[in-house]
Amino acid sequence: MSELYKHFNHNNRRHFIKNASLALGGLAMAAMTDPLKIFGANSNAQAMPDLGNGPLNLPHFAPKAKRVVYLFQSGGPSQLELFDYKPLLHKLRGTDLPESVRMGQRLTGMTSGQANFPLVGSQYKFNQYGQSRAWVSDLMPYTAKIADELCFVKTMHTEAINHDPAITFFQTGSQQSGRPSMGSWMSYGLGSMNDNLPTFSVLLSRGTGRLNGQPLYSRLWGNGFLSSLHQGVQFRAVKDPVLYLKDPDGMSRAERRKMLDHLAEMNHFQEEKFGDPEINSRIAQYEMAYKMQTSVPETMNIDDEPDHIFRMYGPDSYKPGTYAANCILARRLLEKDVRFVQLYHMGWDQHDNLPGQIEKQAKDVDQPTAALIMDLKQRGLLEDTLVIWGGEFGRTNYSQGVLTDTNYGRDHHPKCFSIFMAGGGVKPGFTYGETDEFGYNVVKDPVHVHDLHATILHLMGVDHERMTYKHQGRRFRLTDVAGNVINDLIG
Amino acid sequence: MTTKKHLPKKWKSLWFFIVPFLFLFLFKMFLNRPSERDLKVIKSDEHNGSEGGAAVGDVGLPDVIDYSLHVKPILSDKCYACHGPDGGTREADFRIDTKEGAYAALKDDAHAFAIVPGDFENSIAMKRIFSEDPKTQMPPPESNLKLSGNEKQVLKKWIEQGAVWSDHWAFVKPKKKEVPGVGNTSWPKNEIDYFILAKIESEGLSPSEKADKETLLRRVYLDLTGLPPSLEDIDEFLSDQSSDAYEKVVDKLLASDAYGERMASGWMDIARYADSHGYQDDLERVMWPWRDWVIHAFNENLPYDKFIKWQLAGDLMPNASMEQIVASGFNRNHKITQEGGVIDEEYRVEYVVDRTSTTSKALMGLTMECARCHDHKYDPLSQEEFYGMYTFFNQLDEKGRIEYNETPAPFITLTDEEVNDNLSFIQMPDSVNKIDLMVMKDAPGLRKTYLLERGVYDAKGKEVSFNTPESVLEFSDKFENNRLGLAEWFFDDDNPLTSRVYVNRLWQHMFGVGIVATSDDFGSQGALPTHPELLDWMAVSFKDSGWDIKAMLKKIAMSATYQQSSKITPKLLKTDPDNILLARAPRYKLPAEVIRDNVLATSGLLEEKIGGPSVKPYQPPGLWAETTSGVGLTKYIPDTGKSLYRRSLYTFWKRTVPPPSMITFDAATRDFCEVKRQKTSTPLQALVLLNDPQVVEASRVLATTTLQNETLSREERIKHIFRSVLSRYPSQKELENCISYLDDIEEDGDNSEEAFAILEIGAREIPADISKHQLRAYTLLANMIFNLDEAVTKI
């Protein structure tokens, strides 16, 4: 969806038409409201004015990142098994979480009834990697290898302690549904950089650690009160990669073209008769749909990737619909200048049987994530593509359920958890924030979800306090009424 | 593409655009100055949301500055955030939202005043607003708020003209004014038209000609029933030359069952109706018997006061009937969680907040939810008043977290016997003999209610009692302290909002946009009514009629305003591009449900059965499965047979994965109360209409029935298909286009065996004796016609 196109069909449309219509006849005006007509059907995005300076006057300042790929790890990955090394927990294994550490923190209903809260350390070894000496556990060997590319935040914290509100909060800045998703905000504020793929693209995969992981909800990539032009579009590993994309069986592309030509002509008759500029907009939408019918399958068809790329992303990448395959797709979408690519990987909810589950979860994502980052790098895309890896909250330092020699679980923990980022202007080889020895509280440099949002927007050249949308009389922001840019994260 | 390299190009091409507009703009100013004035409100230079409304027009100042019309919108939008109703964040102890506050001496200087009527120089507020110094400037730079030059001039002129104050229009009880006089006395058909015409004439314009009969018939069918007229309906109307031919149609439609379905479909958005609980695992719930009641209530033309009172407090009515109790299910339609580990009270509070917000938005058009955490920033609604309203809905014996497979209490059990005897409007399937239905029921005693600091469930503040926003209408002793009392309060003769809000929505239903464009916000930040006197005339008439919904819809449908052509002349596009004056009928995209129902109805597939459990038509496979945790609604299994072809309001609504073809066409998510929808146009919509099996099958079925009539010539077949879908004959040009399209398919089209796969789409069987070649060609033709702009647009 080209910038110009949206420009006309969204907020400035009326203003534009009103002015344009004044001195020009209906015909000229019709042409002006139809971007594809103005520039010819083959025009590319560069010929069109960048909506970047459209109604919102965005970006507010020079962006460091132009694209985002958000690798959302749904369910709440355990920071204690992955990145936040806490040897004290081994020493205190089996002893109760002291109230002096817990400090009245509310618990979920799943462990609030437990008689005690036995501390438990990671079953997986930690080492320091790279020049940055970043701590990474044995669960993430590929990630460890690229530690110097990564910017770890150890001190994320959030407000919600249950999945639905916590994921919704991460995606929209509000625990209750109804606000636009982060990707929708980007689409609204910054517009598209290409004219045949959705600005906000979404890919889902299911973890092998916990097959029936936490559910997802399509509102997580919903446009909320923004125009539905900004909704996330799901790309699926099925015959119809985007819903209703494929022509019906038995219909050729030539026939589709022919139908659209007749359709456009018929619509033009109506436009001539009724003078409604919206009709031209509809014609343009059909042309865009037609383009998507080609561009989406082209992007989704990863068979043309060389074998070394598949090997780089790991064995899962041959299987459509896996996280690894989605990582390749993400790279292809980013290469085509899709603004915001959102992956969701389900299954990170290790209440019990943590060891068995997390090994598989980590294996799902470790190699492909590292491959994606390095693949972007080798293509020169990492410098202006922000990669984010993380879930909706962390996990408790005590065992949920009975702690045995070989088994334990962890409940939800909102007070500290780890994420990492790469590219897009963040400091490489950097670790930010400190948690206490128990891995329970933040002791230095907390980063709230709103802060992360503010920082992401900042990297995209957006002042989070100035990107607003007025709805029901109120100016809404992704960061609601809070959020501070964490300048220390920016390289 | 780096930004640096990109910038110059961007600017160059921008200028390419801007220069001609600058020219046009100046030219336009020159041409349009006088007519812009009264029609428009002062424009802010900020990019706005979708609110639209009466705003715009940044040229010239009105001769007389009106506080409500011109000044308050500026103050509200740019000043109230720090100097408005919210005492918690008020700066310098100065408020400008009340008369007392605005005219009072400043707190730090008893001799200085923010506003001195008639004296611009000595009005401190003006000094600050006109200041160029960032240290003293208002609003301060860090607020990211800015007054446009035009807005400043409005304030200046208002002060100079004496700074006359008036109350917020929506909180003043509506009065019926005399209908205005008009020049063209032969045009108006009823009172509505006098108000509309007077304004059109004051702008030096005239209304459009009457729409032709076919257009009008289709329009009124779609608006009142959500279905198109059949060919027989069209022929009958065309041949009826009597003077009341149209009125007979309107009466027939209002009496049809489809009317109740159409109206219920809109009410389901407001009621946030769904067939699932909405949070996390999003389990199935049974609320469709309540939806059946809504259809029944509209069809019976239950007066609006009863319609609402039963839904708010049916269970509290004296000797409440089973029907009244069923109606109270309205406020149980909110989302409910079963997520393991949630804190019960946190979610119970969320449900009470939802009921409070929904009721406020649906009935008062106020954004009451803004006062959950603090006093409202723009409207005189205090946090305490929010929790006063909340108290009414806080009396249920309910849980925050429910178990899997639990019907959330309170509920009633409906047996088939009871349904047969007293609730025959509920379409119980034969296989079911009892249903548990959520309803409202207060627990014995009184649950103490507290203001919740910052809206947080466990941050209890002071104790509150039953109350409503005083600026709307005092909750006096004559009202009982329960939901029934609240319901009576809404329908008290002195309540300024209830009637206005509903007639505005009826107007929105018939014209696409309300007289108050922000039908969800009648407060300070909302749009002003474009025709305030008409709104009030309708509000009072509606009340006087005994809240007769059908009568009001008929009044609108019978107006000359409604019956105009929607043709947009260059002159109208120039002077009134947003169609505020209604000098023509509006044109806009039909609602999602109407688009799909139109496809089903015109192809003959529509299964016209009222009510019953929700159905599952075609949906792309895998959508439920790929997001589920393996519990509850894990797999979407499409229905078979007639259930594939029911009207769209019966489509099963799983909140976390709503039906994609509906959502793509801007249906509400049903996560919370919505009183209006977006009307966007996107490529994804094109893909649905081109490729959804529902549309492809309907195209084939329409082609089949057309071909089965062997008496028809080629041209007649085309006309039949065209007219079935669009309710009119094609023009010569259109006919020729269709013929050439058919020629193209038949001559160059793919005639391989694989090409006939398109005919296999959908469950409806193909008759054996039909030529597949022909059927394929006409299927593509029908599909093209279903995709015409006109097929998805109300014209």
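In the predicted model, α27(B) passes α28(B) in a right-handed crossing. The two helices, spanning residues 714-726 and 732-748 of chain B respectively, pack at an angle of about 110°, and their axes are 10 Å apart. Because angles of 65 to 115 degrees count as roughly perpendicular, α27(B) is assigned as roughly perpendicular to α28(B). On the side of α27(B), the contact is made by B:Glu715, B:Ile718 and B:Phe722; α28(B) contributes B:Leu735, B:Cys738 and B:Ile739.

The contact between the chains takes 86 residues from chain A and 94 residues from chain B. On the side of chain A that touches chain B, at least two residues each are supplied by α2 (13-23), α9 (163-172), α11, α12 (277-300) and β16 (469-471). The element that gives the most to this side is α11(A), with eleven residues.

Helix α11 of chain A comprises 22 residues (253-274). At 1.5 Å a residue the helix should span 32 Å, and its end C-alpha atoms are 31 Å apart, so the two values agree. Buried positions in α11(A) are A:Glu255, A:Met259, A:His262, A:Leu263, A:Met266, A:Gln270, A:Glu271 and A:Phe274. Just after α11(A), A:Gly275 takes a positive phi of about 65°.

How values were computed: Residues are numbered from 1 along each chain as its sequence is written. Chains are lettered from A and ligands numbered from 1 in the order in which they are written. This is a predicted model: local features need pLDDT of at least 70, side-chain atom pairs count only at pLDDT 80 or more; totals for chains, interfaces and linings use all residues. Helices (H or I, at least four residues) and strands (E, at least two) are DSSP runs, numbered from the N terminus. The expected span of a helix is 1.5 Å times one less than its number of residues. A residue is buried if 20 or more other C-beta atoms lie within 10 Å of its own, exposed if 12 or fewer, and partly exposed in between; C-beta atoms are placed from the backbone. Axes are lines fitted to C-alpha atoms, for helices over the stretch in contact, and angles run from 0 to 180 degrees between N-to-C directions. Angles under 35 degrees count as roughly parallel, over 145 as roughly antiparallel, 65 to 115 as roughly perpendicular and the rest as oblique. A crossing is left-handed if the near helix is turned anticlockwise from the far one by less than a right angle, and right-handed if clockwise. Two residues are in contact if their C-beta atoms, placed from the backbone, lie within 7 Å.
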